[in-house]
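Thanks, everyone. Let me put the model up on the screen, and then we'll walk through it.

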Amino acid sequence: MRLSSVSFRYSRRGPWVLRDVELTLDPGSVIEVTGRNGAGKSTLLRLLAGIMPPSRGTIAGRPGVVGYAPDVFPVGQPFTVIGYLEHMSRIRGVSLASAEELAVRLNATHLLGQPLGDLSKGSAQKVGLIQSLMAPPDLLILDEPFAGLDQQTRAELPLIIDEIAASGGIVVVSDHQNQLQNFPGADHWLVEDGTVTSRSGERSPVSAPPDGAETRQVPASPDDMETPQPSASPSRGDKQPSTSQDDKQPSTSQDDERPSAPQNGERPSVSQNGEGARQVVIEVLVDADDADEVEQKLRADGYLTRRTS
């Protein structure tokens, strides 16, 4: 799979999120994608999955069966977990038994009868992982898959990734928590300033393409349940997996084009000598189950954190 001079922006006159990216993904490779919030990690993953076309450049050689798990699983769908997985198994032409087997591996059998809207963050992540794997993918794209997972599932997911790579599949994982930092043979990409740098030190150029390229937006269709949702993006043999409303809209991404700091505050600005530094206190209310994940992301963005109950 090859990305040649790939550039992307969300509107015709908007800023370039990615510029002149040159990448090659070989069969059997495992790639961890890192970078700060807003750097373009989720945008890169959607381009790889075929959910969005590049504004400039080409992506060639995408495998026929693509599995994609978004960073936020769209739980606002009128299904129980088992009903959703049954629906997706019919769309993909695979047996529901494959989803049930994955539910066992990912410690999710107790979730099957629950409505999607009742799921916690970690439970929703498990459903997103199951749907991305139920049709054995040749290209697996996982956006922050470890967020909110229990320890048993955190240990099982790298084993599944290894199995896919061993069978010749390509796996690309965006992960703030660096769970694949020491994964044997994995490559590591840093998304920064519109470029993507691999561990080999090869860096994509930073010059922006000329203005005038219009980005095609995929229209959202929340009522269209006969095509795969972004939570259901492994393709049925085509190279452009369909997506649902939640992941087609850039504004819903945790990773692209939105400020990394909460809207009611400003990110601290500190001079090197400490003079003139401005301190802003931001109070964030989160569920106890999500506290560790939120704290890790804030610290990665340079914030000092302190928990109160």
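Start at a turn. Strands β8 and β9 form a hairpin, with two residues between them. Asp 193 sits in that turn and has a positive phi of about 55 degrees. A word on naming: helices (H or I, at least four residues) and strands (E, at least two) are DSSP runs, numbered from the N terminus.

Before going on, the ground rules. This is a predicted model, where local features need pLDDT of at least 70, side-chain atom pairs count only at pLDDT 80 or more, and totals for chains, interfaces and linings use all residues. Residues are numbered from 1 along each chain as its sequence is written, and side-chain values use heavy atoms, with hydrogens and water left out.

Pairing here requires at least two DSSP bridges between two strands. Trp 189 stands opposite Ser 198 in β9.

Now, are the faces of β9 covered or open? Both are covered. Thr 195 and Thr 197 are buried on one side, Val 196 and Ser 198 on the other. Buried means under 20% relative accessible area, exposed over 50%, partly exposed in between, with a 1.4 Å probe and protein chains only. In a regular strand, side chains alternate between the two faces of the sheet. Across the protein, 50% of the 309 residues count as buried.

Next, the sheet around that hairpin. It is open, with six strands in the order β5-β6-β7-β3-β8-β9 and mixed pairing. β5 (66-69) and β9 (195-198) stand at the edges with a single partner strand each, so one side of each has no neighbour in the sheet. From one strand to the next, the twist averages 15 degrees. Angles run from 0 to 180 degrees between N-to-C directions, and axes are lines fitted to C-alpha atoms, for helices over the stretch in contact.

At the other end, β5 and β6 (residues 139-143) run parallel, joined by four bridges. Val 66 stands opposite Leu 139 in β6. Helix α4 packs on the sheet here, touching β5 and β6, and its direction makes about 175 degrees with that of β5. Contact means heavy atoms within 4.5 Å.

There is a second open sheet, with three strands. Its order is β2-β1-β4, with antiparallel pairing. The edge strands are β2 (18-24) and β4 (56-60), each pairing on one side only. Four bridges join β1 (residues 2-8) to β4. Ser 7 stands opposite Arg 56 in β4. Helix α1 (residues 41-49) lies across β1, β2 and β4, at about 130 degrees to β1.

Last stop: the cavities. How many of 30 Å³ or more turn up in the whole structure? Two. A cavity is a set of points on a 1 Å grid over the protein atoms alone where a 1.4 Å probe fits but cannot get out; lining residues have an atom within 4 Å of a point. Points are joined across faces, edges and corners, and the volume is the space filled by probe spheres set on them.

The second largest cavity holds about 40 Å³. Its lining includes Phe 73, Leu 129 and Asp 143. Helix α4 (residues 121-133) gives the most to that lining, with four residues. The lining divides into six nonpolar, two polar and two charged residues. Ala, Val, Leu, Ile, Met, Phe, Trp, Tyr, Cys and Pro count as nonpolar, Asp, Glu, Lys and Arg as charged, and the others, Gly among them, as polar.

Methods. On a 1 Å grid over the protein atoms alone, a cavity is a set of points where a 1.4 Å probe fits but cannot get out, and a pocket is an open set with protein on both sides within 12 Å along at least five of seven lines; lining residues have an atom within 4 Å of a point.
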